[in-house]
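Here's a quick tour of the pockets, the cavity and the aromatic contacts in this one. Have the structure open as you read.

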Amino acid sequence: MRLLQLVAGEKWTGAAAVVYEQTAALVASGFEAQFGFVRDSPLAHRLLPLGWARPLLSRGPLAYARNVRHLRETLSRERFDVVHCHLSHDHFLAAAAVRGTDVLLTRTFHHLGHVRRDFVSRGLARRTAGFAFANRSIAAKFGRSGPIHPPVVDPRRFHPGVRPQERLEKLGVPAGAFVIGTVGKMAAGRGHREAITAAAALRSPAVLLHVGKGELRSGLEAHAVELGAGARNFWAGYEEDELPELYRAMDVLLFTASGSEQGQRAILEAMSSGVPVVALDLPGVPDLVTPDSEGLVVRRPEDLVPALTRFQDSREDRRLMGDRARERALEFAPERFASRAREFYAGLPARNSSTSRAWDAGETAG
């Protein structure tokens, strides 16, 4: 079987990063898979040397028809059997490209907001041979229990280790500090204000290490100063290659909001690094974190402070839950994903003639 994973993405964020890791896992397992994305983009410059990453899509006001035509020609010439879509735009593109062919169309939903009820989405779903979901909440909204295809985490890259004290010193983090980490774009709705507020309520030497960048950084810095915690917030920026070291700098990961992808990749990366988690009860979190096992899950922002205080007070809790977090993360290693994905593709119908029963009950996708 020849598989094309398609994401109308340009940057190393959200679904594009998740699908890259999933495609890499399939390729490493011997599956004939390729990853298609937008050409002339930061993503293209990063992935082109891999060989199995393809800049198949273009941008612009007239790009839709051009993309459909190019995709149809590629599928026919290279004899792909399945196109697996991950965002609404590429789902519509692929549906048009495979019309009248035997190429199967599949879709993973990465966010609750992508599951819709409109007439157009119902029609698109009826032309789709199989569905997967980043977490159980998304599957439930769709009307299914699975299959669940969460992000992949590489335990060889993200692993426990010695705290990078030299790196922390360069950032200005005092020796012996209790380091709470956050990872995510500094944009509206990403939970950074809640994280700053919670960390400010802890006793010194608790500090908050921000891993990320974005247009709201100056406003977040001002918020920390207003709370009297400006000197206890440290801003590491974001470089993909530095992530493993930064996770090892953390005593606990604080997770207060989802991004554009609700498989919650940051939680898995922290867990694989042996870092326990304090998280709000958001979609995808219960799929990864069992309360009092790999971390603590709370329902309200005001409950974050006692959860963080528990870890600050107990090095033993940090050690035990960090060990369990690492063990749990191994279940999401590339080899495990590849095995689950092979079962998913093996269960697809032989030809592109399926209709999704889930949509007969009124659920739709977009």
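Buried here means under 20% relative accessible area. By that cut-off Tyr345, at 3% relative accessibility, counts as buried. Keep in mind that this is a predicted model. The largest pocket has a volume of about 1,000 Å³, while the structure holds one cavity of 30 Å³ or more.

**Aromatic pairs**
- The count of aromatic pairs comes to ten.
- Take Phe158 and Tyr247: their ring centres are 5.8 Å apart and their planes sit at 75°, so this pair is edge-to-face, since planes over 60 degrees apart count that way.
- Phe344 and Tyr345 make another edge-to-face pair, because their planes are at 70°, with the ring centres 5.1 Å apart.
- Phe344 has a relative accessible area of 10%, so it is buried, and Tyr345 is buried as well, at 3%.

**Other ring contacts**
- One aromatic cluster is made up of Phe109, Phe131, Phe133 and Phe142.
- Over at Phe80, Arg2 lies over the face of the ring, 4.5 Å from the ring centre.

**The largest pocket**
- For the pocket of about 1,000 Å³, the lining runs to 39 residues, and the closest to the centre are Trp12, Thr13, Gly14, Lys185 and Arg190.
- Helix 1 (14-28), strand 8 (178-183), helix 8, strand 11 and helix 11 each put at least two residues into this lining.
- Helix 1 gives the most, with four residues.
- Sorted by class, the lining of the largest pocket has 15 nonpolar, 13 polar and eleven charged residues.

**The second largest pocket**
- This pocket has a volume of about 330 Å³.
- Its lining is 16 residues, of which Met250, Asp251, Gly274, Val275 and Arg318 lie nearest the centre.
- Helix 14 (residues 315-329) supplies the largest share of that lining, six residues.
- By class, you get four nonpolar, four polar and eight charged residues in the lining of the second largest pocket.

**The cavity**
- Rolling a probe the size of a water molecule over the atoms shows where empty space is left.
- The largest cavity holds about 40 Å³ of space.
- Lining the largest cavity are Ile196, Ala199, Ala200, Ala206, Val207, Leu208, Ala229, Arg232 and Asn233.
- Helix 8 (192-200) and strand 9 (206-211) each bring at least two residues to this lining.
- Seven nonpolar residues, one polar and one charged make up the lining of the largest cavity.

**Thr256**
- Where does Thr256 sit? Its place is in the loop between strand 11 (252-255) and helix 11 (265-272).
- Is Thr256 buried or exposed? At 10% relative accessibility, Thr256 counts as buried.
- A polar atom of the Thr256 side chain lies 2.7 Å from the backbone oxygen of Gly191.

Key
Residues numbered from 1 in each chain as written. Predicted model: local features only at pLDDT ≥ 70, side-chain atom pairs only at ≥ 80, totals over all residues. Heavy atoms only, no water. Phe/Tyr/Trp six-rings, centres within 6.5 Å; stacked < 30°, edge-to-face > 60°. Buried < 20%, exposed > 50% of the residue type's maximum accessible area, 1.4 Å probe, protein only. Lys NZ or Arg CZ within 6 Å of the ring centre and 35° of its normal. 1 Å grid on protein atoms, 1.4 Å probe; cavity = no way out; pocket = protein on both sides within 12 Å on 5 of 7 lines; lining within 4 Å. Points joined across faces, edges and corners; volume = space filled by probe spheres on them. Nonpolar A, V, L, I, M, F, W, Y, C, P; charged D, E, K, R; others polar. Polar contact = N/O pair within 3.5 Å; in protein donor to acceptor, adjacent residues only side chain to side chain.
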